[in-house]
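Hello,

I am passing the structure on to you here, and my notes on it follow.

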Amino acid sequence: MLPKLRSTANSLNIRAGLLGRSKFTWKYRVRNYTYKVERTNSNCSRGIHRFSTFSPLNNKINNPQHQRNSGNLRSNGKKGSQSIESKDSDNMNKKSSLRGQESSNGSIVLDELINQDNQQVKEKPSQAIHKTLDWSPKAEGKMYEIPNSLLGKLETLGALEKQKKSFSFFSNPVLLHRKVTTKLYNILQRSKNVSSASGRYVLDGSAGSGRSISLLQAEIFAFSHPNYVVLGLHNCERWVDSSSPYSYDASLQSWVQPELIKEFLTSVMNVNSKALGTLTTSKSYELVPGKSIPAGTDLHTLLRKITSKSELSVRFCQSFLQELDAATKQPNSSVNVLFVIDNLSVLSVPTKYKNTENHNLLPCDFYFINILYQYLSGSLSFHRGTIFAATSSQPRIQTPSLDVALGKAKLDPYIPINKAIYDSTKSLQVIPMEPYSVDESLSVMEHLVTSNVCLESVESHRQNHVLSGGNPRLFFDTCTRLT
Amino acid sequence: MVYILGVPIKDERPVKYALLGFYGIGRAVAENICAKLSFHDTLKVKDLSDSQQTGLSQLLSNMTIEGDLKRQRDANISRYYNIRSYRGLRHAAGLPVNGQNTRTNAKTSKKLNRLQRRSYSTSSIGTLGWNRVLPTAVSILQKIKHIR
């Protein structure tokens with residue numbers, strides 16, 4: 001069994017490489033030099049695997065300058081695992097046996113590869129990462145940091161769940177401004193006087209094409225503007241995987257998930273506290289007999305009251321959305337609503353919830369998911385707003401209704417589709433996710449190299465671009481592989 | 001530990017799997033019960049509200065499980081024996097009922113088939129079988145009474 005590796009994302013590549021079955025071309029440096037597989041801080045006493053032909057590296061390891069430099073090289077990168085002593089029983093000279101160096105966050109492998117041919121690594125100036133957000137097309141191809149003030153909000157919405165693995169490589173998460181990002185920004189900037197009924201979009205593409213990241217970028221744009229109210233629904237799997245309480249509501253004639261609705265409204269309240277504080281209700285609401293919220297109360301207070309109990313959240317969820325719509329209709333108001341729905345695919349197939357006859361419930365049988373589809377179809381809308389949805393490849397499921405609605409497949413008489421979902425989604429405007437251009441690949445590669453996450457030179461971005469086909473996730477995996 | 005109809009159920013188990021602890025409830029029946037009562041898959045026994053527990057107890061009390069089911073099974077076997085049918089005689093003899101080989105194997109049937117069918121048990125009474133012990137005990141007591 002191979003020892004645990006630093007990058008789990010690349011473990012497959014490395015294992016395939018060690019077994020000699022890598023589908024990627026080997027770099028000549030790796031072929032010609034001994035390397036070791038790193039281990040984490042486990043105290044396992046197994047020997048290290050050695051591979052390939054080698055030439056002695058004694059001089060480089062015992063070189064004090066090399067030792068001094070090795071710590072500096074990794075100063076910007078993530079803390080790596082500590083190197084360990086090798087148990088050498090092969091042809092290597094015992095005196096010069098490789099000793100693990102405890103650099104601050106370095107490893108022997110990286111030091112060897114970087115310092116081959118007695119070349120000193122020139123520290124490149126860090127690529128200009130924009131601290132201030134630029135929404136214009138001129139910023140295309142540039143990397144920008146997510147402001148710390150927005151990280152908390154995105155975390156509350158659950159937008160960073162899927163990206164935790166790739167963001168863990170960096171101290172601050174950084175995003176690339178792509179062409180599709182410019183498209184989204186243009187849509188949002190034009191939506192100042194456009195109803196959400198005519199601003200319904202779905203991001204569709206292959207696995208790892210960057211749909212969730214693009215939604216994240218749209219949310220960052222909205223949070224950066226004070227007049228936006230963001231309704232974010234990420235992690236839609238929790239709405240269909242039978243992991244939260246549900247019951248049938250006779251008054252609504254549909255199934256409700258009180259806890260999830262309360263959670264959604266709570267996240268909206270926490271994330272849009274300032275914007276909701278400036279909006280007021282147009283009518284009064286009686287929460288419980290004897291207690292009512294008068295007209296003119298701010299929406300933040302309304303949300304605070306209705307999220308105190310899950311039953312109230314269910315009863316007044318649609319009222320809140322209607323009040324939000326009413327707020328956007330007011331003549332002096334400049335409020336915009338951005339409704340983001342990630343993983344629409346999982347909302348288009350039968351859920352794991354069961355009815356009393358032990359049959360799987362359909363998504364439209366649920367009260368809240370039905371409301372979502374009404375907004376997606378345009379039957380419900382915000383006077384000033386935009387709706388962005390995104391398909392997802394996780395979990396891997398067949399979505400015949402959505403495929404036919406988005407034009408990816410033809411209507412097959414032998415494959416039944418859900419008519420309600422088809423009718424709701426057929427009028428969505430599809431934004432296809434394009435692969436990275438070569439310039440975008442170069443930008444990402446530069447950032448990865450300067451962050452010491454990628455071991456290769458920037459010039460190999462073309463090779464990685466070809467190997468990955470421009471797919472962002474594959475490109476990242478290709479760049480961060482250790483072999 | 002929660003007791004439903006006298007059967008102890010661990011708190012940490014999901015209800016769907018905790019119901020398997022009842023004699024007469026398998027996976028399909030447990031799923032049906034959870035669907036009828038609108039219990040989601042990850043609902044644990046300790047998270048059941050009072051109304052949910054009451055509903056579950058009511059539903060289970062209307063089903064034939066545990067002792068009722070065992071008595072029903074034993075009554076069926078006794079009926080077969082009383083009408084002297086082939087199946088009844090095989091039960092009484094402790095031999096396979098459904099046409100299996102007896103030249104070899106048939107170990108399970110020989111262990112379990114009785115007029116009052118026993119389950120897998122390591123108790124001494126279980127090994128002897130009530131249908132052998134009880135008549136003998138009764139006859140001994142009668143003799144003692146007669147002597148007195």
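A question to start with: are A:Tyr201 and A:Phe388 buried or exposed? Both of them are buried. Please keep in mind as you read that this is a predicted model.

**Aromatic pairs**

Counting over all chains, there are 16 aromatic pairs in the structure. In one of them, the ring centres of A:Tyr201 and A:Phe388 lie 5.7 Å apart with the planes at 45°, so this pair counts as tilted. It joins distant parts of the chain: A:Tyr201 belongs to strand β3 (residues 200-204) of chain A and A:Phe388 to strand β10 (residues 385-390) of chain A, 187 residues apart.

Another pair to look at is A:Trp239 with A:Phe368, which is stacked, with 4.7 Å from centre to centre and 15° between the planes. This pair also links distant parts of the chain, 129 residues apart. You will find A:Trp239 in the loop between β4 (228-233) and β5 (247-249) of chain A, and A:Phe368 in helix α14 (residues 367-377) of chain A.

Why do A:Trp239 and A:Phe368 count as buried? Buried means under 20% relative accessible area. A:Trp239 has a relative accessible area of 4%, so it is buried, and A:Phe368 counts as buried because its relative accessibility is 2%.

These two residues also belong to a cluster linked by ring pairs, together with A:Phe264, A:Phe339, A:Tyr375 and A:Phe382.

**A mostly covered helix**

Next, have a look at helix α19 (residues 472-479) of chain A, where six of the eight residues are buried. Those buried residues are A:Pro472, A:Phe475, A:Phe476, A:Asp477, A:Thr478 and A:Cys479. What caps the N-terminal end of α19(A)? That is A:Asn471, with a side-chain oxygen 3.1 Å from the backbone nitrogen of A:Arg473.

**Chain B**

Chain B is assigned two domains, domain 1 (2-66) and domain 2 (70-122). Taken over C-alpha atoms, the centres of domain 1 and domain 2 of chain B are 31 Å apart.

Chain B also has charged side chains placed over rings. B:Lys70 has its charged end over the ring of B:Tyr23, 5.0 Å from the ring centre. Likewise, the charged end of B:Arg84 sits over the ring of B:Tyr81, at 4.3 Å from its centre.

Enjoy exploring it, and do write back with any questions.

Best wishes

Methods: Residues numbered from 1 in each chain as written. Chains lettered and ligands numbered in written order. Predicted model: local features only at pLDDT ≥ 70, side-chain atom pairs only at ≥ 80, totals over all residues. Heavy atoms only, no water. Buried < 20%, exposed > 50% of the residue type's maximum accessible area, 1.4 Å probe, protein only. Helix = DSSP H or I, 4+ residues; strand = E, 2+ residues; numbered from the N terminus. Polar contact = N/O pair within 3.5 Å; in protein donor to acceptor, adjacent residues only side chain to side chain. Domains from an automatic or database assignment. Phe/Tyr/Trp six-rings, centres within 6.5 Å; stacked < 30°, edge-to-face > 60°. Lys NZ or Arg CZ within 6 Å of the ring centre and 35° of its normal.
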